[in-house]
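Subject: Structure handover

Hello,

Here is the structure you were waiting for. Please open it first, then read my notes below.

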Amino acid sequence: MANENHGSPAEEVSLMSHSPGTSNQNQPSSPKPMRLVQDLPDELVQAGWEKCWSKRENRPYYFNRFTNQSLWEMPVLGQHDVISDPLGLNAAPMPLEGGMIDASVESKQRKRRFSEEVPPSGNSTKKPKVDVPAAQPVPSSPSIPGTSVLKAWCVSPEDKQQAALLRPTEVYWDLDIQTNAVIKQKAPSEVLSPHPEVELLRSQLILKLRQHYRELCQQREGIDPPRESFNRWMLERKVVDKGTDPLLPSDCEPVVSPSMFREIMNDIPIRLSRIKFREEAKRLLFKYAEAAKRLIESRSASPDSRKVVKWNVEDTFSWLRRDHSASKEDYMDRLEHLRKQCGPHVSAAAKDSVEGICSKIYYISLEYVKRIREKHLAILKENNISAEIEAPEVQDRLVYCYPVRLAIPSPPLPSVEMHMENNVACVRYKGEMVKVSRNYFSKLWLLYRYSCIDDSGFEKFLPRVWCLLRRYQMMFGVGLYEGTGLQGALPVHVFEALHKLFGVSFECFASPLNCYFKQYCSAFLDTDGYFGSRGPCLDFFPLSGSFEANPPFCEELMDAMVSHFEKLLESSTEPLSFIVFIPEWRDPPTPALTRMEQSKFKRHQLILPAFDHEYRSGSQHVCKKEEMYYKAVHNTAVLFLQNSAGFAKWEPTPERLQELVAAYKHSGRTLSSSSSSSSSSSSSSSSTADKERELGREQSSSRETNPN
């Protein structure tokens, strides 16, 4: 096959114009096979098989678009395939002479099947067996998927522990679930494939941009940038951005970000923190009055504004000097009064300066995108790869959802180093190291094996893993717990209930690191497509299926999500269902929550109380086991948006809703730490409590903080 990223354009457009790939039999060799009317079982179609016609041999053959395998005979699911099952663990027992079956092999396979069929216990994780049957030695062929990875671990491919190294010991996902999402077939994307050299440059420029943002806030407004505001700026910009870069905005209208502007203004003249004690309230009132006076005197405010602010500040100072018996509530009431009187005048005086900060950051980002694009095109030119590809014709037909493919071939990728440290995979390129736990490294290997079709030898696996980890590290920051709340996921028990009760098989907001299903939407089409992603949710147009949506807590993104879902529900007559999880922010209410509550597609709504349910950490791929879950600091609203056919198929009945709520009663954190000693439990609970406080600050920083 052509060495193209995710497959060639022809593969994606028609799924019929393939030259047959590898096979254990004589292969048809027609360069332009004809496609037959499909009479294959649904299971084979979902597995990627398609029936084609060989003009040269004048007979039909079967082609798998996922594995590039060709067969003359109709394939049988579960048979030993050297690509999808290199160890032969799922193969049928080999008959001995006389048609007898090796009893030992049959016994081990029966045990394996039994262990896989046992329903999950109360634990929030699955623990698959890692033993490799002795009757089936590990093949030593250099084409085995993962061989290059094992060489990087300094482990011989002939060693029978090969499978154990690439198999997780604790599983927070289920990659065996087949998607029920149906889409119209689309042409491959013209996005450029990731390259470590380009990703390294992008990460360096993003760090510089973050530093520029910090300096502008400190120099112009005398404040530190609001926590997570830069991360939410990138999320909000991507809702309207039409530029070429997958991360940095470069073509947005308006230039001034509403998200960044709102968050900076909320911290002017000072950030109002939550108060517990009387003396803290007194100091906060004094600091606010002093900062308001200093700001109004240093800006070009109107005489009336100066007069109002100065009079209220002096009145506050006079009250502080004479009233020494005031309580905490008295100070907070006085602060609220001062904010109402001075706030509009202070905001008007700071408006131009804050807009200048937002514009400056955007235009710096625009220049950085040009540099990144030039670097990427230069690499393609060095390898004689054209970035201009004629858009192929797309056959108008419905297919089960599949990972996004890229039309432009991937250039040769440089070598990337990897080593293990205490069950953590450390992946390094030019001195820049990213980390991922061994379990999640195994997950990436599985997703890559299922989804990528242009790298059968796994030579590009490590470079692409480095690009993916580096991208998400830059997206959500490198600070302690930074970005964790923006990547939080539902607990495993909840996903199991959603799939069992409502047929959910697809996540609308996930990543290769936190996904539960093997197909999902994620922020980055280029890095994540190799690992099962369909690309951004707002560019995803399913016609039927049952979906879970737990978006990052960015108001603009959540609002755009609601508009997108309502258009999909309005236009489809097939069963379509979205189960949405968002924070129940009521002061003031978010537009997304208000619109969904008033939507004609809303079938039911649940409210999960704060601190009574959990999320999986956004840093689950690197955090400790006892930090895998954290308590939600806000109420969570669960809304069922369904069209008529979706409601008929996946109705949220009282019995189903009761079982869904019961799934939240399983505390993954409690169960995962139950085996630890009492001393370590107290230490981990203290660490988890600190983390929850940090996450609470992250999740609430995007909205105006109520000092009460």
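Predicted model: local features only at pLDDT ≥ 70, side-chain atom pairs only at ≥ 80, totals over all residues.

Helix α8 itself covers residues 258-266. Its buried residues are Ser259, Met260, Glu263, Ile264 and Met265.

Phe261 also sits in α8. Leaving out residues up to four places away in sequence, Phe261 touches Val256, Lys351, Val354, Glu355 and Cys358. Phe261 and Trp233 are 28 residues apart in sequence, and their C-alpha atoms are 9.3 Å apart in space.

The peptide bond from Ile268 to Pro269 is cis, with omega near 5°.

**The chain as a whole**

The chain has 708 residues, and 55% of them count as buried. It contains 21 helices and 17 strands. Take the contacts with a separation of 6 or more: residues 24 or more positions apart account for 72% of these. The exposed surface comes to about 31,400 Å². Carbon and sulfur atoms supply 51% of that surface.

**Cysteines**

How many disulfides does the structure hold? The number is 0. A disulfide is a covalent bond between the sulfur atoms of two cysteines. Cys358, the contact of Phe261, is in no disulfide. The nearest cysteine sulfur to that of Cys358 belongs to Cys217, 8.3 Å away. The cut-off for a disulfide is 2.5 Å between sulfur atoms.

Is Cys358 buried or exposed? Cys358 counts as buried because its relative accessibility is 1%, and the limit for buried is under 20%. Cys52 counts as buried too, at 0% relative accessibility.

**Ser353 in α11**

Ser353 lies in helix α11. At a relative accessible area of 17%, Ser353 is buried. Ser353 touches Arg220, Glu221 and Arg299, not counting residues up to four places away in sequence.

**Helices α12 and α13**

Two packed helices are described by the angle between their axes and the distance between the axes. Helix α12 (residues 438-451) and helix α13 (residues 461-476) pack at an angle of about 115°. Their axes are 11 Å apart. The crossing of α12 past α13 is right-handed.

Which residues meet here? From α12 come Phe441, Leu444, Trp445 and Tyr448. From α13 come Phe461, Leu462, Arg464 and Val465. By class, this contact of α12 with α13 has 7 nonpolar residues, no polar ones and 1 charged.

Further along, Met474 is also in helix α13. Met474 is buried, with a relative accessible area of 4%. Setting aside neighbours within four places in sequence, Met474 is in contact with Ser203, Ile206, Leu207, Arg210, Met234 and Leu247. Met474 and Arg210 are 264 residues apart along the chain, yet their C-alpha atoms are separated by 9.9 Å.

**Backbone details to look at**

The chain has another cis peptide bond to inspect, from Asp587 to Pro588, with omega near -5°. Pro588 is found in the loop between β13 (576-583) and α17 (591-598).

Glu228 has a positive phi, near 70°, and is a residue other than glycine. Its place is in the loop between α6 and α7. Is Glu228 buried or exposed? Glu228 is buried, because its relative accessible area is 4%.

Asn422 has a positive phi as well, near 50°, and is likewise a residue other than glycine. Asn422 lies in the loop between β7 (417-421) and β8 (424-429). With a relative accessible area of 77%, Asn422 is exposed. The limit for exposed is over 50%.

**Where to start**

Then turn to the crossing of α12 and α13. Finish with the cis bonds, Ile268 to Pro269 and Asp587 to Pro588.

Best wishes

Key: Residues numbered from 1 in each chain as written. Heavy atoms only, no water. Axes fitted to C-alpha atoms, helices over the stretch in contact; angles between N-to-C directions. Helix = DSSP H or I, 4+ residues; strand = E, 2+ residues; numbered from the N terminus. Left-handed = near helix turned anticlockwise from the far one by under 90°. Contact = heavy atoms within 4.5 Å. Nonpolar A, V, L, I, M, F, W, Y, C, P; charged D, E, K, R; others polar. Buried < 20%, exposed > 50% of the residue type's maximum accessible area, 1.4 Å probe, protein only. Areas by Shrake-Rupley, 256 points an atom, 1.4 Å probe, with all protein chains shown as cover.
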